[in-house]
Amino acid sequence: MGHQREKLISLARRLLNHNLNGSTDQADEIMVKSVNDYIDHKIVSSEVNKIFYDYPVPIALSAELKENNSYKATTAIDTPLLITRDETGFVRAFINICKHRGAPVCPEGSGKKSRFNCTYHGWMYDNKGSLINIFKSDTFGDIDTKNIKLTELFCEEKSGFIWACLNPSIKYNLSEWMNGFDEELSDIDLKNWHLFKSIKINGPMWKICWDGYTDGYHHHMVHPETVGKNTIVNLIAHDTYGPHQRFAFGLKNIDELSDIEEKDWEPENHLRLIHSVFPNSSISAIQNEHCLVTIIFPSRDLQETITTQYILCLKEPKTEEEIKKAEDFAELSRAAIVDEDYPINFKIQDFIHSKANKEFLFGRNEPIQQHYHKWIDKLSSK
Ligand code: FES
Ligand SMILES: [Fe+2]
């Protein structure tokens, strides 16, 4: 039996047993979390500074910079990023700020380019970050250009993501940080999927937002016509890899497996598998050759989040029918977040300053959020 099939069979077995027993994977106890930890600017900003800057975070997908000499310029929280793939395929990440007087070297966007003309006075850098030309250098004065380079960040490409530490003085051992989760992710083979489209969405503040992405307890209320049509609410199989998490929801047809011999199971048709990369990314909803990947960063003022939703297809859709299927999947993914999850999350945020609650509760049946909050506390040494 293939490794991937074995994994899915074992998850299906767990979900089937839970469904027969009316149980689910659980944490040891109920978690009580202070509401202050969501809204106190000092606390949140020190956590963000630690977690999003000192540890590797996904900043892009490999599929966004597929070709050699391609690039992407984007912003993560307050850091403008220039991500490049050189002529040999090697990926680097820089802070997209010119060494002359701090303008962005490259406007936000992506494409194929190996040299970047600063947007202010036109200094030119190559895709390895070296300054290769000063505009009107004969008048600028003597300066050793060899030592002028864009500020480079720790960056590594792994399992279909491009990871970086936003703090330039930090280097990291990514394998150690992944704790085996890179192998889990590699099974998805994300780097070879075709990027069909991506959209940006403004979302609610970081922790409220992410609590929603890791919630298996709301599908019946918030998504009755979309995600919740197929999933059984409150039925999860949950595994952790350091801070990262893999969880599976049982689909409503899970009981059918009781009548089929295990060797004939098609487990992928009876569960939905989600990989949650700490602290900001998720690979979810792999369905019929379509996949939704989400990367989220807090906004600069930490009052919102910026979500990038990527829709990927196993192969590039070419026929009208294939394109329509990919569009339908993209619309379902957009609607579940923009029309369903975020409105309820924004409401929570709107009312979070009322004096109603000093604490939020995470039940034993909510082990995914519990794990996430434990790791926030652990890494920000609270
Ligand atoms: S700020 Fe970049 S060339 Fe002047
Ligand atoms: Fe949801």
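Predicted model: local features only at pLDDT ≥ 70, side-chain atom pairs only at ≥ 80, totals over all residues.
Let's start with the overall layout. The chain splits into domain 1, covering 3–53 + 179–379, and domain 2, covering 57–171. Taken over C-alpha atoms, the centres of domain 1 and domain 2 are 31 Å apart. Where the two meet, 22 residues of domain 1 contact 16 residues of domain 2. On the domain 1 side, the elements that supply two or more residues are α6 (181–186), β18 (290–298) and β19 (305–313). Of these, β18 makes the largest contribution to that side, with four residues.

**The main core**

The largest nonpolar core holds 86 residues, and the ones with the most contacts inside it are Ile-59, Leu-82, Ile-83 and Ala-164. Strand β18 turns up again here: with six residues, β18 gives the most to this core. The core also takes at least three residues from each of domain 1 and domain 2.

Which residues does Ile-83 touch, leaving aside those up to four places away in sequence? The set is Ile-59, Ala-60, Leu-65, Tyr-71, Lys-72, Val-91, Ala-93 and Ile-162.

**Strands**

Now for the strands. An open sheet of five strands runs in the order β6-β3-β4-β5-β10, and its pairing is antiparallel. At the edges sit β6 (109–112) and β10 (152–153), each of which pairs on one side only.

Strand β12 (residues 161–164) is worth a look too. In a regular strand, side chains alternate between the two faces of the sheet. Here both faces of β12 are covered: Phe-161 and Trp-163 lie on one side, Ile-162 and Ala-164 on the other, and all are buried. Ala-164 is also among the residues with the most contacts inside the largest core, and Ile-162 is one of the residues that Ile-83 touches.

Some of the strand pairs, all antiparallel, are set out below.

| Strand pair | Residues of the named strand | Bridges |
|---|---|---|
| β5 and β10 | β5: residues 91–95 | two bridges |
| β2 and β12 | β2: residues 57–61 | four bridges |
| β11 and β12 | β11: residues 155–158 | four bridges |

At residue level, Phe-94 stands opposite Glu-152 in β10. For β12, Phe-161 is the bridge partner of Leu-61, while Ile-162 has Glu-157 standing opposite. Strands β11 and β12 form a hairpin with two residues between the strands, and in that hairpin Ser-159 adopts a positive phi near 55 degrees.

**Helix α3**

Finally, a helix. Which residues of α3 (residues 41–51) are buried? They are Val-44, Glu-47, Val-48 and Ile-51. Looking down the axis of α3, the buried residues fall within an arc of 100 degrees, so they line one face of the helix. On the other side of α3, His-41 and Lys-42 are exposed. The cover over the buried residues of α3 includes β18 and α11 (367–379).

How values were computed: Residues numbered from 1 in each chain as written. Chains lettered and ligands numbered in written order. Domains from an automatic or database assignment. Contact = placed C-beta atoms within 7 Å. Pairing = 2+ DSSP bridges. Core = buried A, V, L, I, M, F, W, Y, C linked by C-beta atoms within 7 Å. Buried ≥ 20, exposed ≤ 12 C-beta atoms within 10 Å, placed from the backbone. Arc of directions from axis to C-beta.
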